[in-house]
Amino acid sequence: MTSPANVMPKMHRRRFLQLAAMGVSLPAIASVGACGGGGTGALGGGGGGEVTELIVPTNQSPWLDAYRTVAAQYEAETGVRITLREFPYDGLRTQMTNAIQNQNLVFDLFQLDEPWTHQFYDNDWVMPLDEVDAQFSLDPAVLTYDALPYWDEQTRTSDENGRVMGLPLNGNVHLLIYRTDLYEQLGLPVPRTWADAVAAGERAQQAGIARYGYATRGQASSGGQSITYDYMPVLYSHGGRWFADEGTDWTPALDTPEALAATEMYTRLLALGPAEPQTVGQAEVIAALQSGEALQAHVVAAAAAQLEDPSASNVVGKLGYAVVPAGPIGEPAPTSGTWSLCVPRGLPPERAQATYRFIRWMLDKQQQTAFGQAGGIASRSDVLDELGSGDAVNLQAVADSMPDVHRAVRYVFSAPMLEVTERILSGIGAGATPAAEGLAQLQEELTRVVREAGFLQ
């Protein structure tokens, strides 16, 4: 007969197999088996035990090394090991969705990209932080990115009157990144408007000092926001919007002169880049800057880590970072691309508390300072101010962007909406569809999306 000491409890064996299929390392799996029936480990099935490990899913991204560096300090300080499980961007949401829908508690934390937040909140897949800690209050230094942490269940959208569902990690926003040496050669100031940026790009190409006068995304993503994300600062700064009045009137608003002007401007920016814009994603935009081929681009702030890496970039020390240009309304519209750390619904109380403590720890000033110094984008105003006044020039531009920051696509219906916007905007950018015709298609198809989601009669 098998010794009882060698028998893995049924529930733990199931979790063992789940983690093995996900590629969890053998030491981590061994620690799961060692939890025993009492639930003393992070993935223990019982209640009341001490949590010694948290399994944290994350995505492969330019700021992952910074996250890994800071998270590694948590064990030294608390004795709780943070085991990061890395997935491709498109796979991360699928892993978390499958876990919560199947009630397989293989993750102790959810890391949500901005477009995913409302699906998770609306489905009650995430615990409000004041449910985990009745004394919770949001640190006023933590940035909120146009109400990202909040959820109003009545209007089913972000609203500061709602409850805090998660805290922001890596507060990415668009920045204008430009070649300071080439702008000096051209005798031009940093562009304040999109028209200024286009004019400078044309000058640089005519002078033969840059292959691309501008770089931005024209590629459609199958699992997120690509061209849609880069389009938003142009749309918003032209006075355009996705919907008539979010929270009260969800009628799409793409059939307006403002949206048309923004779309035509965006195609002008794309025309200054590679000949086939539909093939240009974020990696290609960053590569165009790294190689020295592009005069300028608007791209996420976290790209600075790659752009200032001497082993990967030809333009180290030659780049400037600024708030994205303004449109006709006179104000810039940097768009948030921020992740959120959340407590999954259904965790045993001791695990929920352990996850909550880690999230709060990550947002403390000390950890956010270390995160920013390692190449992440801090999500505290005090840290941005301090680091931005030093060598982290990209963080100063992030701080300067905060008063005008706009939300990204952040809806219960983000997934079907992005399927529409990515396809149609990429077609417009490639020249396959005229701007006015494409916007008419967007208006029609987004009306269907919001109606099917129950937001429009």
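Glutamate 153 is placed in the loop between β5 and β6 (163-164), where helices (H or I, at least four residues) and strands (E, at least two) are DSSP runs numbered from the N terminus. With a relative accessible area of 60%, glutamate 153 is exposed, on a scale where buried means under 20% relative accessible area, exposed over 50% and partly exposed in between (1.4 Å probe, protein chains only). The model is predicted, so local features need pLDDT of at least 70 and side-chain atom pairs count only at pLDDT 80 or more, whereas totals for chains, interfaces and linings use all residues. Residues are numbered from 1 along each chain as its sequence is written, and side-chain values use heavy atoms, with hydrogens and water left out.

**Separations in sequence and space**

- Glutamate 153 and histidine 118 are 35 residues apart in sequence, and their C-alpha atoms are 9.8 Å apart in space.
- Glutamine 373 belongs to helix α14 and counts as exposed at 60% relative accessibility; from C-alpha to C-alpha it is 9.9 Å from valine 383, which is ten residues away in sequence.

**Backbone with positive phi**

- Most residues other than glycine have a negative phi.
- Tyrosine 145, although not a glycine, has a positive phi of about 50°; this residue lies in the loop between α6 (129-132) and β5 (150-151) and counts as buried at 2% relative accessibility.
- Aspartate 146, likewise not a glycine, has a positive phi of about 60° and lies in the loop between α6 and β5, but aspartate 146 is partly exposed, with a relative accessible area of 30%.

**Aromatic pairs and a cluster**

- There are 25 aromatic pairs, counted where rings of Phe, Tyr and Trp (its six-membered ring) have centres within 6.5 Å, with planes under 30 degrees apart taken as stacked, over 60 as edge-to-face and the rest as tilted.
- The rings of tryptophan 250 and tyrosine 411 form an edge-to-face pair, because their centres are 5.7 Å apart and their planes stand at 90°.
- Since tryptophan 250 lies in strand β10 (residues 249-252) and tyrosine 411 in the loop between α16 (393-401) and α17 (414-429), this pair ties together parts that are 161 residues apart in sequence.
- Tryptophan 250 counts as buried at 4% relative accessibility, and tyrosine 411 counts as buried at 1%.
- Tyrosine 411 also pairs with phenylalanine 413, and this pair is stacked because the ring centres are 5.1 Å apart and the planes are at 10°; both residues are buried.
- One aromatic cluster is formed by Trp63, Tyr67, Tyr89, Trp116, Trp339 and Phe371.

**Nonpolar core and the surroundings of tyrosine 67**

- The largest nonpolar core has 144 residues, and those with the most contacts inside it are Tyr67, Trp242 and Phe358; such a core is a set of buried Ala, Val, Leu, Ile, Met, Phe, Trp, Tyr and Cys residues joined through side-chain atoms within 4.5 Å.
- This core draws at least three residues from each of domain 1 (53-171 + 338-402) and domain 2 (174-336 + 408-453), with bounds that come from an automatic or database domain assignment.
- Apart from neighbours within four places in sequence, tyrosine 67 is in contact (heavy atoms within 4.5 Å) with residues including Val56, Leu84, Leu169, Phe358 and Phe371.

**Packing of α3 against α14**

- The axes of helix α3 (residues 64-78) and helix α14 (residues 365-373) come within 8 Å and cross at roughly 145°, the axes being lines fitted to C-alpha atoms over the stretch in contact, with angles from 0 to 180 degrees between N-to-C directions.
- Ala66, Tyr67, Val70 and Glu77 in α3 meet Gln366, Gln367, Ala370 and Phe371 in α14.
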